[in-house]
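Dear colleague,

Please find below the structure that I am handing over to you, together with its sequence. My findings follow directly after it.

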Amino acid sequence: MKKTILLISLCFMSLAIFSACSKQESQGESGATSKTNTKTTTENVTKKEPDTTTKPTEVKISSDDFIKIIEVGIKGDVGANEVINSVTLEEKALIISVNISSADTTLLTLELLAESRTSSITDTILELTEYYSFWDTITVDFGSVGLIKNSKTSIVNDGYGPYFNPAKFKLVR
């Protein structure tokens, strides 16, 4: 279900980007000037610079809409008896509050479960590269168990998609 909702969201965003790019191209044909190697912003999209560096395309939406997209995307990233309490954005800090206090600890301690859930939640968020401009850090707060904070500068991408290295997670109480 989570993947389906995420796929639908991504399809919708792709259509919005395609529509904005088509609109921009038609404006270019009607005499509007554009410079090579500079960012060109339309109402809905920031176009990639035509150079060799790869930068994700950013979409222009409200922070409330961004939070809703994150809430839908991470909904299935927690297990039974675990609850995502809230998703907030404070300046450029994305904070996800998760209650794992009632989780089954037969196989994993709450501390190891927190690391596992952080990995699942942040992996989902990092797939949404077009929203990177909204945040600089992602904090997953597990209440009394502690919190794990990751910075955008810590993203690893070795060909398998972006992720935070779980070996570097530090549970802070």
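Leu 171 is located in the segment that follows β8 (162–164). In this predicted model, Leu 171 counts as partly exposed because its relative accessibility is 23%, whereas a buried residue would have to be under 20%. Setting aside neighbours within four places in sequence, Leu 171 makes contact with Glu 111, Ala 114, Val 145, Gly 146, Leu 147 and Ile 148. Between Leu 171 and Lys 149 the C-alpha to C-alpha distance is 8.2 Å, although 22 residues separate them in sequence.

Two of those partners, Leu 147 and Ile 148, belong to strand β6 (residues 147–151). The covered face of β6 consists of Ile 148 and Asn 150, while Leu 147, Lys 149 and Ser 151 form the uncovered one. Strand β6 pairs with β5 in the antiparallel sense, over five bridges. Within this pairing, Val 140 stands opposite Ile 148. Five residues lie between the two strands of the hairpin, and Gly 143 there adopts a positive phi near 65°.

Beyond residues up to four places away in sequence, Thr 118 touches Val 140, Phe 142, Ile 148, Asn 150 and Phe 169. Helix α3 covers residues 110–126, 17 residues in number, and spans 24 Å from its first C-alpha to its last, close to the 24 Å expected. Its buried residues include Leu 113, Ala 114, Arg 117, Ile 121 and Ile 125. In general, an α-helix has 3.6 residues a turn, so residues three or four places apart point the same way.

The largest nonpolar core comprises 31 residues, and Phe 66, Leu 94, Ile 96, Ile 125 and Trp 135 have the most contacts inside it. At least two residues of this core come from each of α2 (63–74), β3 (83–90), β4 (93–99), α3 and β5 (137–141).

Most residues other than glycine have a negative phi. Asn 81, in the loop between α2 and β3, has a positive phi near 65°; Asn 81 counts as exposed because its relative accessibility is 53%. Glu 91, in the loop between β3 and β4, likewise has a positive phi, of about 55°. Glu 91 is exposed, with a relative accessible area of 76%.

As for the chain as a whole, it contains three helices and eight strands, in the order α-β-β-α-β-β-α-β-β-β-β from the N terminus. Of its 173 residues, 34% count as buried. Among contacts with a separation of 6 or more, 51% join residues 24 or more positions apart.

Finally, a word on confidence. The average pLDDT of the chain is 78, and 66% of the residues score at least 70. Over residues 1–54 the pLDDT is below 50, and this stretch has 50 contacts in the model beyond near neighbours in sequence. Where pLDDT is low, the predicted coordinates should not be read in detail.

Yours sincerely

Key
Residues are numbered from 1 along each chain as its sequence is written. This is a predicted model: local features need pLDDT of at least 70, side-chain atom pairs count only at pLDDT 80 or more; totals for chains, interfaces and linings use all residues. Side-chain values use heavy atoms; hydrogens and water are left out. pLDDT is the predictor's confidence in each residue, from 0 to 100. Contact means heavy atoms within 4.5 Å. Helices (H or I, at least four residues) and strands (E, at least two) are DSSP runs, numbered from the N terminus. Buried means under 20% relative accessible area, exposed over 50%, partly exposed in between (1.4 Å probe, protein chains only). The expected span of a helix is 1.5 Å times one less than its number of residues. A nonpolar core is a set of buried Ala, Val, Leu, Ile, Met, Phe, Trp, Tyr and Cys residues joined through side-chain atoms within 4.5 Å. Two strands pair if DSSP finds at least two bridges between them.
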